[in-house]
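Subject: Handover of a structure

Dear colleague,

Please find the structure below, followed by an account of what was found in it.

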Amino acid sequence: MTSCVLVFGMPRSGTTWIGKLFDSHPDTLYRHEPDSMRRLSLPLYPNMDDAPGYQDELERFVAMLPAMRSTEVVGKQPLFPKHYQSAAGLAAYRAGVLAAKAASRMRRHFPTPFRPTASRHAQRCLVWKSIESPGRLGVCMEALPAARGIHLMRHPCGYVASVLRGEAGHQFSGETPMADDRWLFKLLLDTPAAKTYDLHLEDIEALSPEERLAWRWVLIQEKVLADVADCGRVLTVRYEDVCDDPLVMTQRMFQFAGLAWHPQTEAFVRASTQETHSNYYSVFKHPQKSAQRWRSDLPAPVIERILTVLRQSSLARFYPDESQAASVPQEATS
């Protein structure tokens, strides 16, 4: 099987930036959230005992990723030079993506006319980035024995603040706020992790939106970590650690994934972490300000409610020093 890296995390956890860090390597073939375009049959939060039954589907899914043409999947900017692609090929790829995006205004999901597949490149490493499937990570790793996984985790306050900011700015396509997604909470409450808390839907619905989002974070992260606990091919990475030291953490992720360090990635790390006026989905932003913005975006009582949820979980070990969480806010990004 082709070398494959799964970069999985919850929405608003920095997965796009981390995915593009991997894409910046000249030997990777990057596919952006393909499981949001071509749905998998396995549940969002499958039982690990069922992993063997999904192996054929997951192997077929990974095998067809290079051939995908959807602009949403193959056209996420920036597009990088690759060892398997000529300068003329890169120019054609970039022009094709721009043309497909223009055509998509009239016809949704217009296919990109040209995209690389790197089919003859022996060093090709396929990168599958997903916010759809973090709860499937354990099953994916069990079914794809040649794959490596990057599980990205963002502080729950950072996650909640980013979701609320996105909803206030109408950045999401769905009409239902994430805190009000009863269907998803029903799925989560049926997981083994949730059952240890004796939580019921009416308990969740009685909480504030911020607390409901915090429980969503806790239950998903606990599901992921429980499923991959015995898998040595998954690296859990805190978004805040990447923001604090992007070069060192990217090198660590590359080493884990079996990728040699390359100057092109180093240049992108430096470029993507410069002070800039970026939009909501941009990968170019000041990382530390982005990671810590929640401290100024969220009122102190809201922060404390989220942390109260966090402290009920063993996940609090990932963020042990929260004594100053409600202290004087840091400067927010513009």
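Axes here are lines fitted to C-alpha atoms, for helices over the stretch in contact, and angles run from 0 to 180 degrees between N-to-C directions. Helices are DSSP runs (H or I, at least four residues), numbered from the N terminus. This is a predicted model, in which local features need pLDDT of at least 70 and side-chain atom pairs count only at pLDDT 80 or more, while totals for chains, interfaces and linings use all residues. Residues are numbered from 1 along each chain as its sequence is written, and side-chain values use heavy atoms, with hydrogens and water left out.

The axes of helix α8 (residues 182-189) and helix α11 (residues 209-227) come within 10 Å and cross at roughly 40 degrees. In contact (heavy atoms within 4.5 Å) are L184, F185, L188 and L189 of α8 with R212, R216, L219 and I220 of α11.

For helix α1 (residues 15-23) and helix α14 (residues 263-272), the axes come within 9 Å and cross at roughly 150 degrees. These two helices are therefore roughly antiparallel (over 145 degrees). W17, K20 and L21 of α1 meet T265, F268, V269 and S272 of α14.

Helix α13 (residues 246-257) has 12 residues. Its buried residues (under 20% relative accessible area, 1.4 Å probe, protein chains only) include P246, L247, M249 and F256. After α13 comes G258, with a positive phi near 85 degrees.

Yours sincerely

Note on methods: The expected span of a helix is 1.5 Å times one less than its number of residues. Buried means under 20% relative accessible area, exposed over 50%, partly exposed in between (1.4 Å probe, protein chains only). Angles under 35 degrees count as roughly parallel, over 145 as roughly antiparallel, 65 to 115 as roughly perpendicular and the rest as oblique.
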